[in-house]
Amino acid sequence: MFGESRPGEVILDFDPAERANDAGLVFIGKVHSPWKTRKQCPRNLVTARETGKGATIEFFKEYRQGLKGLETGGWLVAIYWMNHSRRDIILQSPHHIEGNCGVFALRSPVRPNPIAMGTVKILAIDHPTGMVEIDAIDCLDGTPIIDVKPWMSGIEGVPCEK
């Protein structure tokens, strides 16, 4: 299902999914994106935006009231579950660096808990249907949504070093 590992990668001797019994996460919606295969899918939001193809987040009926207060033109931090990603590689050999690197130093979806996040712009909201149109996304069609949070410049800013 997942494909081969690259030279230099280190694979755990267990599958983290088999130990997954403590979080109790629920999916609150799913992504509708133009990306049907991993090969088609952009590697990040920058390349997703360059395609000019947007996406939609569909919120399940029981969570739609939670959209109240969100506005078109605002920004969301979308948190999604990369359900097609491997979970057992702890040292990866990404194409953009030489050698290998620990999973926690990368933004790769290949990680013990395949959680990804991206800051996306709200283009339109249909509250009754729970459909939120966004500018871009870097995940496959049908990817489960764990949560969204409004992006706030006063809170999300990175402190400046002096």
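Visitor: Which residue of β3 stands opposite valine 31?
Guide: In this predicted model, valine 31 faces isoleucine 57 in β3.

Visitor: What makes β2 and β3 a pair of strands?
Guide: A pair requires at least two bridges.

Visitor: What joins β9 to β4?
Guide: Strands β4 and β9 run antiparallel and are joined by 5 bridges. Isoleucine 79 stands opposite aspartate 147 in β9.

Visitor: What makes β7 and β8 partners as well?
Guide: Strand β7 (residues 115-126) and strand β8 (residues 131-134) share 4 bridges and run antiparallel; the rule asks for at least two, so they pair. Alanine 124 has glutamate 133 in β8 as its bridge partner.

Visitor: In what order do the strands close into a barrel?
Guide: The barrel has 6 strands in the order β2-β3-β8-β7-β4-β9, with antiparallel pairing. On average, neighbouring strands of this sheet are turned by 45° against each other, direction ignored.

Visitor: Why is leucine 70 called buried?
Guide: Buried means under 20% relative accessible area. Leucine 70 has 16%, so it is called buried. This residue is in the loop between β3 and β4. Its C-alpha atom is separated by 8.2 Å from that of isoleucine 125, although the two are 55 residues apart along the chain.

Visitor: Why do cysteine 41 and cysteine 101 count as buried?
Guide: The limit of 20% applies here too. Cysteine 41 has a relative accessibility of 15% and cysteine 101 has 19%; both values are under the limit, so both residues count as buried.

Visitor: How do you know that cysteine 41 is in no disulfide?
Guide: Two cysteine sulfur atoms must lie within 2.5 Å to form a disulfide by this rule. The nearest cysteine sulfur to that of cysteine 41 belongs to cysteine 139 and is 6.4 Å away, so cysteine 41 is in no disulfide. The count for the model is 0 disulfides.

Visitor: How much space lies in the largest pocket, and which residues are closest to its centre?
Guide: The largest pocket holds about 1200 Å³ of space. It is lined by 40 residues, of which Arg43, Arg107, Ser108, Pro109 and Val110 are closest to the centre. The elements giving two or more residues to the lining are β4 (75-81), β5 (89-92) and β7.

Visitor: Which element gives the most to that lining, and how do its residues divide into nonpolar, polar and charged?
Guide: Strand β7 gives the most, with 5 residues. The lining comprises 18 nonpolar, 13 polar and 9 charged residues.

Terms used. Residues numbered from 1 in each chain as written. Predicted model: local features only at pLDDT ≥ 70, side-chain atom pairs only at ≥ 80, totals over all residues. Heavy atoms only, no water. Axes fitted to C-alpha atoms, helices over the stretch in contact; angles between N-to-C directions. 1 Å grid on protein atoms, 1.4 Å probe; cavity = no way out; pocket = protein on both sides within 12 Å on 5 of 7 lines; lining within 4 Å. Points joined across faces, edges and corners; volume = space filled by probe spheres on them. Nonpolar A, V, L, I, M, F, W, Y, C, P; charged D, E, K, R; others polar. Buried < 20%, exposed > 50% of the residue type's maximum accessible area, 1.4 Å probe, protein only.
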